[in-house]
Amino acid sequence: MTRVPLCNDSNVQLRFLVPEDLPEIKKLCREWFPIEYPHSWYEDISCNRKFFSLAAVYKFQIIGLIVVEIKSQSKCNKEDQGLLSPHFPKTSLVAYILTLGVVQEFRRNGIATLLLDSVISHLTNSSETSDCKAIYLHVLTTNTTAIQFYEQRKFKVHSFLPLYYNVHGVAKDGYSYVLYVNGGHPPWTVLDYLKHWVRAISRIELCSLPKHLMTAIGTVIANILPTGLRSNLSVS
């Protein structure tokens, strides 16, 4: 018989954290993560409304948790300041995933996906968060399970963070990953600008621009690029 993922079980419910959850979530986070959080952090995520803290509950037990801070990009740490293209105002919102975890025995049941999808749905369908342009997170370079999970959900590496984490007194490298939403995008590279103009030229009707002129423009652009980049600029 095919096993039905627990995320499809009607007994699994999502709800926001409340102060009474503090002892339970502290215990879970200590089991899930190698980083020690201060007590004030647990108070904040269970009480402070600036955090979008969502728990997956099964038979009155918290089996999964996601905590997201929604803030303006001007309040990002220095290493995350380049998430958005400069043409977005500094007041544009971004969502930082502080934590996402699932109890060991309930993993591979779609719980983490259910929690993440709920956050993405909130950010992309709520009028209050329509200005949120990116969802990002930090992850240890050695946490291949988490990296694969986010990459399968279209998150992309934004930057490498050398010696970013302190794990039991040992410095560890990390990555930042980002998913762009609501029209958000990263700063454009020279290649992005060239692709944009090639595609723009390709949309011009032949009656407006002679075909031989379009061909000549394309040839000039192709000739000034390194060979390895020319295939990336092919017009579909």
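Which residue in β7 is the bridge partner of Phe160? The partner is Tyr175, and the paragraphs below lead up to that pair. The model is predicted, so local features need pLDDT of at least 70 and side-chain atom pairs count only at pLDDT 80 or more, while totals for chains, interfaces and linings use all residues. Residues are numbered from 1 along each chain as its sequence is written, and side-chain values use heavy atoms, with hydrogens and water left out.

Start with the whole chain. Its secondary structure comes to seven helices and seven strands; helices (H or I, at least four residues) and strands (E, at least two) are DSSP runs, numbered from the N terminus. In order from the N terminus, the elements run β-α-α-β-β-β-α-β-α-β-β-α-α-α. Of the 236 residues in the protein chain, 40% count as buried. Buried means under 20% relative accessible area, exposed over 50%, and partly exposed in between, with a 1.4 Å probe and protein chains only. Among contacts with a separation of 6 or more, 66% are between residues 24 or more positions apart, where contact means heavy atoms within 4.5 Å.

Next come strands that pair, which requires that DSSP finds at least two bridges between them. Strand β2 (residues 51–58) pairs with β3 (residues 61–72) in the antiparallel sense over eight bridges. Here Phe51 stands opposite Glu69 in β3. The hairpin of β2 and β3 has two residues between the strands, and Lys59 takes a positive phi near 55°. Strand β3 also runs antiparallel to β4 (residues 93–102), with nine bridges joining them, and Leu65 stands opposite Gly101 in β4. Strand β3 is mostly covered, with 10 of its 12 residues buried.

A further group of strands involves β7 (residues 170–180), which is joined to β5 by seven bridges and runs antiparallel to β5. β6 and β7 form a hairpin with two residues between them, and His168 in the turn has a positive phi of about 55°.

Now turn to the open space. A pocket is found on a 1 Å grid over the protein atoms alone: it is an open set of points where a 1.4 Å probe fits, with protein on both sides within 12 Å along at least five of seven lines, and its lining residues have an atom within 4 Å of a point. The largest pocket is lined by 38 residues, of which Phe33, Leu100, Asn143, Ala146 and Tyr150 lie nearest its centre. Elements that give two or more residues to this lining are β3, β4, α3 (111–125), β5 (132–140), α4 (144–152) and β6 (156–167). The largest share, seven residues, comes from β4.

Last, consider the cysteines. A disulfide is a pair of cysteine sulfur atoms within 2.5 Å, and by this rule the count comes to zero. The sulfur of Cys132 is 10.0 Å from the closest cysteine sulfur, in Cys76, which is too far for a bond. Is Cys132 buried or exposed? Cys132 counts as buried because its relative accessibility is 0%. Cys47 counts as partly exposed because its relative accessibility is 43%.
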